[in-house]
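Subject: Structure handover

Hello,

I am passing this structure on to you, with notes on what was found in it. Please look through the sequence and the model before reading on.

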Amino acid sequence: VIHRLAERTGAEAYVMPVPMFANTVEDRAVLLGQKGVSEVFDLARSADLLLAGIGTAEQEASLVATGMIDKG
């Protein structure tokens, strides 16, 4: 979806396939230390617009199933 949106608007898109939440401070440090992740965060600091997707909120989605978000 993000690449199609970028194509239609003439923007650039960068994907960062990491969890929305880290389980521990140590896990956060590992995630942020990954080359691809740190590069995207560096780019984000100078962006005019940021979009973040969390996937689906269907009952079988991992974020709902693990209780990280409530489908409500």
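F21 counts as partly exposed, because its relative accessibility is 42%. This is a predicted model, so please read every value below as computed from it. F21 sits in the loop that runs between helix 1 and helix 2. Its C-alpha is 20 Å in space from that of L43, and the two residues are 22 apart in sequence.

V15 is also placed in the loop between helix 1, residues 2-9, and helix 2. Together with I2, L5, L49 and L51, V15 forms a nonpolar patch on the surface. The accessible area of these residues together is about 480 Å².

Next, helix 2 and helix 3. Helix 2 covers residues 25-33, and helix 3 covers residues 35-44. Two packed helices are described by the angle between their axes and the distance between the axes. In this model the axes of helix 2 and helix 3 come within 5 Å and cross at roughly 75°. An angle of 65 to 115 degrees counts as roughly perpendicular, so helix 2 is roughly perpendicular to helix 3. On the side of helix 2, the contact is made by L31, L32 and G33. On the side of helix 3, K35, V37, S38 and F41 take part in the contact.

R28 is located in helix 2 and is exposed, because its relative accessible area of 51% is over the cut-off of 50%. S38, which lies in helix 3, counts as partly exposed at 26% relative accessibility. The C-alpha atoms of S38 and M16 are 9.5 Å apart in space, while the residues are 22 apart in sequence.

Finally, the charged pairs. Side chains of opposite charge can pair when their charged atoms come close. How many salt bridges does the count come to? The count comes to 2 salt bridges.

- K35 and E39: their side chains meet in a salt bridge at 3.9 Å, N to O. The two residues are 4 apart in helix 3, which means that about one helical turn separates them. K35 is exposed, with a relative accessible area of 61%, whereas E39 counts as partly exposed at 39% relative accessibility. K35 is also one of the residues in the contact between helix 2 and helix 3.
- D42 and R45: their side chains meet in a salt bridge at 2.6 Å, N to O. D42 counts as partly exposed, at 48% relative accessibility. R45 is exposed, with a relative accessible area of 64%.

Regards

Definitions and conventions:
Residues are numbered from 1 along each chain as its sequence is written. This is a predicted model: local features need pLDDT of at least 70, side-chain atom pairs count only at pLDDT 80 or more; totals for chains, interfaces and linings use all residues. Side-chain values use heavy atoms; hydrogens and water are left out. Buried means under 20% relative accessible area, exposed over 50%, partly exposed in between (1.4 Å probe, protein chains only). Patches are made of residues with over 30% relative accessible area and no salt bridge: like charges are joined within 9 Å, nonpolar side chains (Val, Leu, Ile, Met, Phe, Trp, Tyr) within 5 Å. Accessible areas come from the Shrake-Rupley method with a 1.4 Å probe; for residues, only the protein chains shown count as cover. A salt bridge is a side-chain nitrogen of Lys or Arg within 4 Å of a carboxyl oxygen of Asp or Glu. Axes are lines fitted to C-alpha atoms, for helices over the stretch in contact, and angles run from 0 to 180 degrees between N-to-C directions. Angles under 35 degrees count as roughly parallel, over 145 as roughly antiparallel, 65 to 115 as roughly perpendicular and the rest as oblique. Contact means heavy atoms within 4.5 Å.
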